[in-house]
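Visitor: I would like to learn how to read a few local features of a model. Please take them one at a time.

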Amino acid sequence: MTDLAVLGAGSAGYAAALRASQLGLDVTLVDPGPLGGTCLHVGCIPTKAWLQSAKVRRTVLHAGAFGIGGGTGDVDAAAIRSHADDVVDQLHRGLSGLVSASGVRHVAAAGRLVGGTVVEAGGERIEAAAVLVATGAEPVTLGLPVDGERIITSEHALRLDALPRRAVVLGGGVIGVEFASLWADLGVEVVIVEALDRLLPSEEPALSKVLTRALRSRGVDVRTGAPVAGAEAGDGGVRVTVGHEQLEADLLLVAVGRRPRVAGLGLEEVGVELDGAAIATDADLRTSVPHIHAAGDVVAGPQLAHRGYAHGQFVAELVAWELGRSRHRPTLPPDHQIPRVTYSSPQVASVGLREDQAGPGARSVTYHLAGNGKSLIARPTDERETGMVKVVRSAQGPIVGVHAVGEDVAELITSGAMHVGWGAEPDDVVSIVHPHPTVGESLAEAILALGGRPLHMRVATDIG
Ligand code: NAI
């Protein structure tokens, strides 16, 4: 008998296992794949390594603008892959060491529920006091004939040994935008096709506008309001149907969302209810079956690794509390307090509510990065700085949203998440000194202005 059986060793699953073992629980972690799941092996980490290589090439090509003799920017896709693999390997070794040192038992097999809180994996029957289902998500393909060569998902895109000359990216969400950006910077001709009226449709519209302009200026053909109807692969490439038009390319990347991975887990058999494609849970991530919990991408909401970590740790603490092994009842961070980052160039980062979601009387200030020293230092002199940070407060109340677009704005969203998470009022933050010059200062500038005391900007002083 184990205290907690975890199905899935991705961000949510392994975080739960580590936290539960810290709390003295006996943990069995079941996953046929390597520890770390999608994010570590075929998601966040290798994608960001590719994005870094793309950034290096863009820097090399712009070196002259910084007074440095430029190189040719030749691209060796296999070497980029190997850089990404090195990073993944190192993190994977670290994680494996951590899991084994923590005493968590890893069963390297696919698991399924076979009744109550009993899991079967690799011919073994694991009886548990509680079960956590954290099996993640997999790409939606819209019935397109994905073959891994001409019509691919992001997982295939990370394994390319040679880059296409021309690519169509289907979907202007996070994955589509990240690949469109990195491929364009590596010299690929890119068309990105989004069904809705703008890229990153769930972000503040102003951020989508800046991003679209930046991608277009680097040669990306951005098509919005353009649903893809079909695609057909042939020997020479792929033909994609967008409205009445046919686009020809070497490959098509399908990035139209990911759906919870729930098939074959025995959920239906033991009575775990679904909510659409996701596992239905209450506010404490409990499923419809007592002592079976769900966490991460299998639960409806933003599919983000750091949400998975938060979910996993929460469930571990909740189970420990329910088993009387901890006196602390945990609280689950709400989805809107979870920061979101698209690591394209420029980056898009946000947390909390958009202005249109913040209720009547909400106010906002937008600080343009054209006034931020660090941003100007980092951009080539022949490019205009068009990034911005927008901070939203509810009517005479706390900061409820931070939205940014620009180089390296991912780094400032951590502060944004603290302000939103703590429900800080602009006046609580204005006395906190931000180092100069940093990109993060732009957040401080916007908050100063929101508190009615702008420094490096001119706004009406009654705004607070
Ligand atoms: P997504 O839901 O972010 O975007 C998919 C886009 O495809 C939507 O904008 C949708 O309108 C569009 N679309 C759907 N059908 C279409 C059609 N027939 N023609 C044209 N456009 C169509 O999904 P995505 O980008 O695949 O990402 C999946 C998940 O992975 C997301 O939840 C995302 O948050 C997560 N992720 C997060 C990353 C990060 O945090 N940096 C990086 C990569 C993925």
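**Disulfide, backbone and contacts**

Guide: The structure holds one disulfide, a term used for a pair of cysteine sulfur atoms within 2.5 Å. This is a predicted model, in which local features need pLDDT of at least 70 and side-chain atom pairs count only at pLDDT 80 or more, while totals for chains, interfaces and linings use all residues. Residues are numbered from 1 along each chain as its sequence is written, and side-chain values use heavy atoms, with hydrogens and water left out.

Visitor: Which residues does the disulfide join?

Guide: A disulfide is a covalent bond between the sulfur atoms of two cysteines. Here the partners are Cys-39 and Cys-44, with an S to S distance of 2.3 Å.

Visitor: Why is the disulfide of Cys-39 and Cys-44 called left-handed?

Guide: The torsion about its S-S bond is about -135 degrees, so the disulfide is left-handed.

Visitor: Where does the backbone have cis peptide bonds?

Guide: Most residues other than glycine have a negative phi, and most peptide bonds are trans. A cis bond joins Ser-345 and Pro-346, with omega about 0 degrees. Pro-346 sits in the loop between strand 20 (340–342) and strand 21 (347–352); helices (H or I, at least four residues) and strands (E, at least two) are DSSP runs, numbered from the N terminus. The bond from His-436 to Pro-437 is also cis, with omega near 0 degrees, and Pro-437 is in the loop between helix 12 (426–429) and helix 13 (441–450).

Visitor: What is phi at Leu-285 and at Asp-408?

Guide: Leu-285 has a positive phi, near 60 degrees, and lies in the loop between strand 18 (278–279) and strand 19 (292–294). At 3% relative accessibility, Leu-285 is buried. For Asp-408, phi is near 65 degrees, again positive. Asp-408 belongs to the loop between strand 24 (399–406) and helix 11 (413–422), and at 28% relative accessibility it is partly exposed.

Visitor: Which residues does Arg-150 touch?

Guide: Contact means heavy atoms within 4.5 Å. Not counting residues up to four places away in sequence, Arg-150 touches several residues, among them Asp-235, Val-238 and Asp-250. Arg-150 lies in the loop between strand 7 (137–139) and strand 8 (151–152) and is partly exposed at 25%.

Terms used. Buried < 20%, exposed > 50% of the residue type's maximum accessible area, 1.4 Å probe, protein only.
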